[in-house]
Amino acid sequence: MSVSRELKTFEGSVEEVVLKTAMTDLVTYDFANLVIEACNALKPVSFVNADVLIQSVYLEESKEKIYAADSLEDLKPDSTNVEYTFVAYDQLFNTGIVKELIDHGIGELREEWKPAVLAILKFLRDRKYHQEALSTMKGVGDEAEMTAVMVQHLFSHLTAGNDYVIDNRSKNLPKYCPCEMENCKAMIKNGCTALGSLQTWHGNADIILNQNIAVSLIECPSKEKNLCIETDDKFEEENLSDPIQKDKDEEAGPSSPKRICKDDNDNEEKETQSQQMIDQVIAQTITNAFSQVSKTPALSGWLIPTFGCALDHVIALLYDPKNDVLLQCVDKIPIWGFYGLYLPSIVQIWMFLNFTVFTIKDLADDYELKRSNFHVLAKYRLEDYRKIKPGKAFNPTYDCDYYSDVLIRMRKKGKKAHKKLAEH
Ligand SMILES: [Zn+2]
């Protein structure tokens with residue numbers, strides 16, 4: 001059945017009413033316009049070792065406060081001398097479409113909106129089933145199972161075409177959906193989710209949705225377990241097993257003995273995790289956006305979303321490589337409400353996933369936004385970032401001893417330091 005004909009079957013349906021209500025009840029999030037003070041984008045490290053310092057955090061907060069905060073939103077700048085910019089919900093999103101759907105329902109949609117609208121209506125039709133499947137994993141501690149159920153029963157249904165791929169290097173990735181619904185047993189699709197290159201930040205997303213949106217799991221119980229004693233090399237992306245990865249990890253983080261010393265201080269470890277998690281998601285957001293624009297030049301000018309996903313919420317960041325604009329949704333988006341899935345949030349996530357329908361392109365042309373500073377900080381690698389393609393596996397034969405190699409070359413090509421002239 002064609003999309004238009006299938007959509008017609010939903011006209012006047014309960015799902016259409018539910019969608020209109022959820023759109024009316026949307027929580028209108030603001031988006032912080034992030035400026036990066038410093039980062040290690042010039043160093044070809046994995047996402048897990050990405051180091052990003054956001055300007056407002058640097059300027060307003062003491063190190064102690066930063067380490068004591070669970071997330072960026074817990075920081076309360078006293079707004080004395082730093083100018084902050086935020087993008088309001090109705091600046092980023094095309095509220096015209098929202099109003100159209102609320103006022104007129106699904107009867108008079110533009111052709112290009114139809115596949116996305118059909119996807120959410122089908123999800124809403126089966127929402128009780130998906131809700132039950134999702135609720136069965138609340139006590140699950142296995143990362144691969146959690147990923148599979150979240151994708152199978154939430155994310156994939158919010159994009160047209162059910163298009164997704166889970167990292168095929170995930171340990172214990174099930175072949176079939178591991179939810180407890182008797183008649184599910186859906187086949188789980190896996191493949192290459194590699195992002196970046198060996199010249200840039202790189203690594204694997206846990207999930208790629210719709211061939212353009214990266215999702216990484218955050219705050220998964222099993223991940224917290226991994227962090228206790230073992231090396232941080234395995235933190236977050238323990239599937240990254242290429243030789244370069246291991247070497248870079250060793251040079252970038254504290255040595256293993258130092259990590260073990262920290263084990264008697266769980267809070268400190270947790271705080272570090274939180275910082276690393278945000279840095280990792282920012283690096284992944286930027287790298288994914290460059291990859292997608294490189295693959296599909298028509299995406300240039302859009303703020304391309306990346307999600308961090310936990311059991312009960314998602315965080316959303318967006319990056320536009322053309323205009324160098326980085327936004328972060330200032331609030332976590334809760335997945336659950338008092339009575340099950342929180343539909344205004346589900347609709348919000350759906351709008352992010354279909355960003356070419358619902359968000360405004362080239363936002364920086366219409367508003368005075370702060371550049372993220374990434375183009376300046378990564379100046380000498382910017383061409384490498386622009387060239388990266390998604391899904392390109394890394395070359396395992398890459399020479400790991402990068403720094404020694406460079407130092408030897410410097411010595412061979414260098415000039416002996418001149419003696420200073422005497423000052424007069
Ligand atoms: Zn299932």
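1. Over residues 336–360 the chain is 60% helix and 16% strand, with the end C-alpha atoms 28 Å apart. Helices here are DSSP runs of H or I of at least four residues, strands are runs of E of at least two, and both are numbered from the N terminus. An unreviewed UniProt entry lists residues 336–360 as "transmembrane region"; such annotations may be inferred rather than shown by experiment.

2. The model is predicted: local features need pLDDT of at least 70, side-chain atom pairs count only at pLDDT 80 or more, and totals for chains, interfaces and linings use all residues. Residues are numbered from 1 along each chain as its sequence is written.

3. Helix α14 (residues 343–353) is largely enclosed by the rest of the structure, because 10 of its 11 residues are buried. A residue is buried if 20 or more other C-beta atoms, placed from the backbone, lie within 10 Å of its own. Among the buried residues of α14 are W350, M351 and F352.

4. A316 touches F352, as well as P305, F307, C329 and I333, leaving aside residues up to four places away in sequence. Contact requires C-beta atoms, placed from the backbone, within 7 Å.

5. A316 is also one of the residues that touch the most other members of the largest nonpolar core, which has 99 residues. Helix α13 (residues 266–295) provides the largest share of this core, nine residues. A nonpolar core is a set of buried Ala, Val, Leu, Ile, Met, Phe, Trp, Tyr and Cys residues joined through C-beta atoms within 7 Å.

6. Helix α9 (residues 143–153) is mostly covered, with 10 of its 11 residues buried, including E143 and H153. Of the 424 residues of the chain, 39% count as buried.

Notes:
Buried ≥ 20, exposed ≤ 12 C-beta atoms within 10 Å, placed from the backbone. Contact = placed C-beta atoms within 7 Å.
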